[in-house]
Amino acid sequence: MPLIYFLPPLATVLIWSGNMTINQLSVDAIAPSSIAFLRWLLALVVMTPFVLPAVLRHQDEIVRNWPKLALLGLLGMGLWQGLAYIAAETTTATNMGILAAMVPLLTVLLSALILKEPPTLGGVAGGVLAFIGVTVLLGRGNPLSLLQLEVAQGDALMVVAATCYALYGVMLKRWAMNLPPWVMLYAQVCFAVLFLLPPYLMGPMTPVDGKNVWLILYAGIPASVITTFLWMRAVRQIGANQASIFINLMPLFSALIAMALLGEQVSGFHFIGGLLILAGVIMAQTLTRPLVRAAAARKTQSVQQ
């Protein structure tokens with residue numbers, strides 16, 4: 001496989017990791033409800049001249065599937081990023097990058113529950129390992145502190161946000177619609193803008209100025225439109241499974257960018273928790289043998305003995 005095929009997923013994850021730092025920089029520059037709404041409004045405006053003609057050609061299919069598209073827009077655009085902006089107020093970009101890397105693992109677990117896909121050895125073992133890593137991270141190196149509910153609100157919100165995005169991926173797979181990728185994305189963004197409009201109007205409505213306009217531009221174009229194009233290209237060239245492995249680089253990229261631009265310090269619990277989560281995710285993606293089949297094989301072997 002040509003190495004150039006790995007550039008789109010690598011660039012996508014790098015831009016996503018940079019967006020974790022953008023989340024942090026937006027804390028004092030713009031309200032979470034404002035940037036969450038304005039980024040997707042900007043993305044909608046940028047896509048409209050290119051995608052609207054195709055949307056009009058598929059309007060019957062869109063109308064037929066609008067409840068599904070609405071829920072996907074809420075999960076994948078509204079809650080995933082909306083909660084991340086709120087989380088940035090009480091956690092670090094490093095923590096956000098580590099917790100966001102749980103998405104592939106959560107996708108495996110939710111697929112087993114919702115799509116009735118048989119659990120795998122890697123999914124179960126990796127889930128346990130990653131859970132331990134999350135407790136180390138949320139407990140700032142002391143998992144027992146979670147018994148006193150000593151969890152930063154931002155970290156808890158990032159876990160919820162990652163779960164929403166994992167659920168988005170699962171439902172996207174379950175609801176196969178006869179729509180081109182860009183048309184499906186455009187419809188979801190339209191619904192996301194509608195869902196994010198009320199919080200934006202309720203305020204605080206931060207004015208767009210020289211301090212925050214570039215944050216909106218980054219979140220609205222590279223982190224929304226360009227990454228979508230690159231990710232779809234990556235999935236087409238190397239497949240969804242191989243492309244998703246690159247998400248494992250988010251903790252590393254997020255930490256490096258945060259150290260360079262925000263001066264964040266990486267502590268020992270970041271390494272321990274991050275490595276455990278990363279190991280769990282890799283196990284879930286590589287050890288794909290069904291657990292039921294493995295258990296049945298062991299039972300048959302014991303009977304034969």
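## Crossing of H1 and H5

A helix crossing is left-handed if the near helix is turned anticlockwise from the far one by less than a right angle, and right-handed if clockwise. In this predicted model, H1 passes H5 in a right-handed crossing. Helices are DSSP runs (H or I, at least four residues), numbered from the N terminus.

H1 spans residues 7–25 and H5 residues 93–100. Their axes come within 9 Å and cross at roughly 135°. Axes are lines fitted to C-alpha atoms over the stretch in contact, with angles from 0 to 180 degrees between N-to-C directions. H1 is therefore oblique to H5 (under 35 degrees is roughly parallel, over 145 roughly antiparallel, 65 to 115 roughly perpendicular, the rest oblique).

## Contact residues

Met20, Thr21, Asn23 and Gln24 in H1 meet Ala93, Met96, Gly97 and Ala100 in H5 (contact: heavy atoms within 4.5 Å). The contact has four nonpolar, four polar and no charged residues. Ala, Val, Leu, Ile, Met, Phe, Trp, Tyr, Cys and Pro count as nonpolar, Asp, Glu, Lys and Arg as charged, and the others, Gly among them, as polar.

## Aromatic pairs

There are five aromatic pairs (ring centres of Phe, Tyr and Trp, using its six-membered ring, within 6.5 Å; planes under 30 degrees apart are stacked, over 60 edge-to-face, the rest tilted). The ring centres of Trp16 and Trp231 lie 5.2 Å apart with planes at 45°, so this pair is tilted. Trp16 is in H1 and Trp231 in H11 (residues 222–238), so the pair ties together parts 215 residues apart in sequence.

## Basis

Residues are numbered from 1 along each chain as its sequence is written. Local features need pLDDT of at least 70, side-chain atom pairs count only at pLDDT 80 or more, totals for chains, interfaces and linings use all residues, and side-chain values use heavy atoms, leaving out hydrogens and water.

Notes. Helices (H or I, at least four residues) and strands (E, at least two) are DSSP runs, numbered from the N terminus.
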